[in-house]
Amino acid sequence: IMHYGDSQIEGDRISNELRRGLQGRFGGLGPGLLPLEQPIGSATVSQSLVEKAYRYILWGSSPDFREEHRRYGPMLSLGVIDSSLVVWRASKGYDAPDSADRFSSIRLLIGQNDSSGVVRLSCSTGGGTKELAAGSGPEILHWDLSFPAQRAELSFEGIQGLEVLGISLESRSGVVVYNLGMRGCSGTIFSQADASQNKRLFSM
């Protein structure tokens, strides 16, 4: 379930309650889709990013946060790796429901990739390395864990210029609710994103 909204849903305030009720009734784990860089704190997930990445968004009036292309992905935003080593970390937030404070599956949504390298996952119940070739994308890298975990670390090594469209902490079954807050947006910008890329991602 993709819950788009303006600043009223920032911080996962409303989506968190929807997720709590739906996962409690129908099952499912995890907070769902997260950006590479999270400028607004979340009640459900604590995130951090080591080293530099650029964040671009499709909404808002400032051209400084826009890319010239339309490859923004389902979050209508993207992060671009700008260092030879970038480490992304996530753990449970201060008000995560029992179901959303852990996950058993991780999906990394990737747009365009200009260089080869690897992505390493490390967490208490599993991990592994995925190789990326230059020119690949869009694609989704997928890790399944032996048991649910509450923390995850992704290391992006040697892949400067990689477009990260989102990182989803979820489960293989049940309900996942994505919180997609877009401050000041009236919801009239969806047609500006690359529909063919997103169609391909949604079919994976």
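A residue is called buried under 20% relative accessible area, exposed over 50%, and partly exposed in between (1.4 Å probe, protein chains only). The model is predicted, so local features need pLDDT of at least 70 and side-chain atom pairs count only at pLDDT 80 or more, while totals for chains, interfaces and linings use all residues. Residues are numbered from 1 along each chain as its sequence is written, and side-chain values use heavy atoms, without hydrogens and water.

Salt bridges were searched for across the whole structure, and eleven were found. Each is a side-chain nitrogen of Lys or Arg within 4 Å of a carboxyl oxygen of Asp or Glu. One of them joins R20 to D95, with the closest N and O atoms 3.7 Å apart. R20 lies in helix α1 (residues 13–26) and D95 in the loop between β6 (85–92) and β7 (103–110), so the pair ties together parts 75 residues apart in sequence. Helices (H or I, at least four residues) and strands (E, at least two) are DSSP runs, numbered from the N terminus. D95 is partly exposed, at 33% relative accessibility. R20 is also partly exposed, at 31%. E17 joins R20 and D95 in a network of salt bridges.

A second salt bridge pairs E170 with R107 (3.2 Å, N to O). E170 sits in strand β12 (residues 163–170) and R107 in strand β7, 63 residues apart. Both residues are buried.

A further salt bridge links R120 and E157, whose closest N and O atoms are 2.9 Å apart. R120 belongs to strand β8 (residues 117–123) and E157 to strand β11 (residues 151–157), so parts 37 residues apart in sequence are tied together.
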